[in-house]
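Visitor: I'm new to reading protein models. Could you walk me through one, feature by feature?

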Amino acid sequence: MAGEPQEDCLFCKIVAGTIPATIVRQTETTIAFRDINPQAPTHVLVIPKAHYKNAAALAAADPALTADVLREAQAVADEEKLDSHRLVFNTGGGAGQTVWHVHAHVLGGRGLDWPPG
């Protein structure tokens, strides 16, 4: 069920504390941790503690939690002292989503050309 922890979800296991992560911020509803395969000097993932498969599912089910994720992404950028940053939500395998728990990538600390990829 949406919002409930999934036994086979890597990020749900990080939320539960059964898989370690380098946590940079945590609130009642979100957790932010460093990506293990960084694509920029700053690469932090911000996730809701509740499980939703992608950004659209989260937004449809819980707009307030969606806002929490976005607020925390900005807080990460502020704490990392990023003059500019990119916020990315990958949706679907063709877009690069590999963990099916919504997560925002906060990327910064270098030039980020457009278009990406």
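Visitor: Which residues does His103 touch, not counting residues up to four places away in sequence?

Guide: Leaving out close sequence neighbours shows you what the fold brings together. This model is predicted, and in it His103 touches Phe11, Leu45, Val46, Ile47, Val88, Phe89 and Gln97. His103 itself sits in the loop between β4 (85-88) and β5 (104-108). The unreviewed UniProt entry annotates His103 as "active site".

Visitor: Is His103 buried or exposed?

Guide: For that, look at the relative accessible area, where under 20% means buried. His103 has 7%, so it counts as buried. Its side chain has a polar atom 2.7 Å from the backbone oxygen of His101.

Visitor: Where is His43, and what does its side chain reach?

Guide: His43 is in strand β3 (residues 42-48), and its side chain reaches the backbone nitrogen of Gln39 at 2.9 Å. With a relative accessibility of 5%, His43 is buried. Beyond its neighbours within four places in sequence, its contacts include Phe33, Asp35, Pro38 and His105.

Visitor: How many aromatic pairs are there?

Guide: Here you check how close the ring centres are and how the planes are angled. The count is one aromatic pair. Phe11 and Phe33 make it, edge-to-face, 5.4 Å centre to centre with 75 degrees between the planes.

Visitor: Why does that pair tie together parts that are apart in sequence?

Guide: Because Phe11 is in helix α1 (residues 10-16) while Phe33 is in strand β2 (residues 30-34), the pair links parts 22 residues apart in sequence. Both Phe11 and Phe33 are buried, too.

Note on methods: Residues numbered from 1 in each chain as written. Predicted model: local features only at pLDDT ≥ 70, side-chain atom pairs only at ≥ 80, totals over all residues. Heavy atoms only, no water. UniProt positions renumbered as here; feature names shortened; annotations may be inferred. Helix = DSSP H or I, 4+ residues; strand = E, 2+ residues; numbered from the N terminus. Buried < 20%, exposed > 50% of the residue type's maximum accessible area, 1.4 Å probe, protein only. Contact = heavy atoms within 4.5 Å. Polar contact = N/O pair within 3.5 Å; in protein donor to acceptor, adjacent residues only side chain to side chain. Phe/Tyr/Trp six-rings, centres within 6.5 Å; stacked < 30°, edge-to-face > 60°.
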